[in-house]
Amino acid sequence: MKLATLRQGGRDGQLAIVSRDLSHCELVPDIAPTLQAALDGWDRIAPKLAERAAALDRGSQTEHAMPFDPMKCMAPLPRA
């Protein structure tokens, strides 16, 4: 499972899962808005992220999947 913080949505960015081949990503605000929020509830959130990442890797891209652009990423935990 690959995670990224995209440069949007405020100082902490927005959490996205990234496909294994780095071609697509998907924002996951319904699971956790930021990486810090995901870490804070990791035991509960990690299985949901893993499930969504597996779907993205299988090519089951939802309407929210988009091309992954590493230039739109910021530090994973920008205020840490």
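Strand E2 and strand E3 (residues 24-27) pair in the antiparallel sense, with three bridges between them. Two strands count as paired if DSSP finds at least two bridges between them. The strands and helices themselves are DSSP runs, numbered from the N terminus: a strand (E) needs at least two residues, and a helix (H or I) at least four. One place to look is Ala16, whose bridge partner in E3 is Leu27.

This is a predicted model, so local features need pLDDT of at least 70 and side-chain atom pairs count only at pLDDT 80 or more, while totals for chains, interfaces and linings use all residues. Residues are numbered from 1 along each chain as its sequence is written, and side-chain values use heavy atoms, with hydrogens and water left out.

E2 and E3 form a hairpin with five residues between them. What is the phi of Leu22? Leu22 has a positive phi of about 65°, although it is not a glycine. Leu22 is found in the loop between E2 and E3, and with a relative accessible area of 45% this residue is partly exposed. Here is how those words work: buried means under 20% relative accessible area, exposed means over 50%, and partly exposed is in between (1.4 Å probe, protein chains only).

## The rest of the sheet

Strand E1 (residues 2-6) pairs with E2 over five bridges, in the antiparallel sense, and Thr5 stands opposite Leu15 in E2. On the E3 side, two bridges join E3 to E4, and these strands run antiparallel. There, Cys25 stands opposite Met66 in E4.

Put together, you get an open sheet of four strands in the order E1-E2-E3-E4, with antiparallel pairing. E1 and E4 stand at the edges with a single partner strand each, so one side of each has no neighbour in the sheet. As for E2 (residues 14-18), four of its five residues are buried, so this strand is largely enclosed by the rest of the structure.

## The nonpolar core

In soluble globular proteins, nonpolar side chains tend to be buried together. How many residues does the largest nonpolar core have here? The answer is 11, among them Leu15, Ile17, Val28 and Leu49. A nonpolar core is a set of buried Ala, Val, Leu, Ile, Met, Phe, Trp, Tyr and Cys residues joined through side-chain atoms within 4.5 Å.

E2, helix H1 (35-40) and H2 are the elements that give two or more residues to this core. H2 gives the most, with four residues.

## Salt bridges

A salt bridge is a side-chain nitrogen of Lys or Arg within 4 Å of a carboxyl oxygen of Asp or Glu. The whole structure has three of them. Arg20 pairs up with Asp57, their closest N and O atoms being 3.3 Å apart. This pair links distant parts of the chain, 37 residues apart: Arg20 is in the loop between E2 and E3, and Asp57 is in helix H2. Arg20 is exposed at 64% relative accessibility, whereas Asp57 is partly exposed at 31%.

Glu26 and Arg52 have their closest N and O atoms 3.0 Å apart. Glu26 lies in strand E3 and Arg52 in helix H2, so this pair ties together parts that are 26 residues apart in sequence. Both Glu26 and Arg52 are buried. For Asp30 and Arg52, the closest N and O atoms are 2.5 Å apart. Asp30 lies in the loop between E3 and H1, so its pairing with Arg52 in helix H2 ties together parts that are 22 residues apart in sequence. Asp30 is exposed, with a relative accessible area of 55%.

## Confidence in the model

The protein averages a pLDDT of 92, and 98% of the residues score at least 70.

Note on methods. pLDDT is the predictor's confidence in each residue, from 0 to 100.
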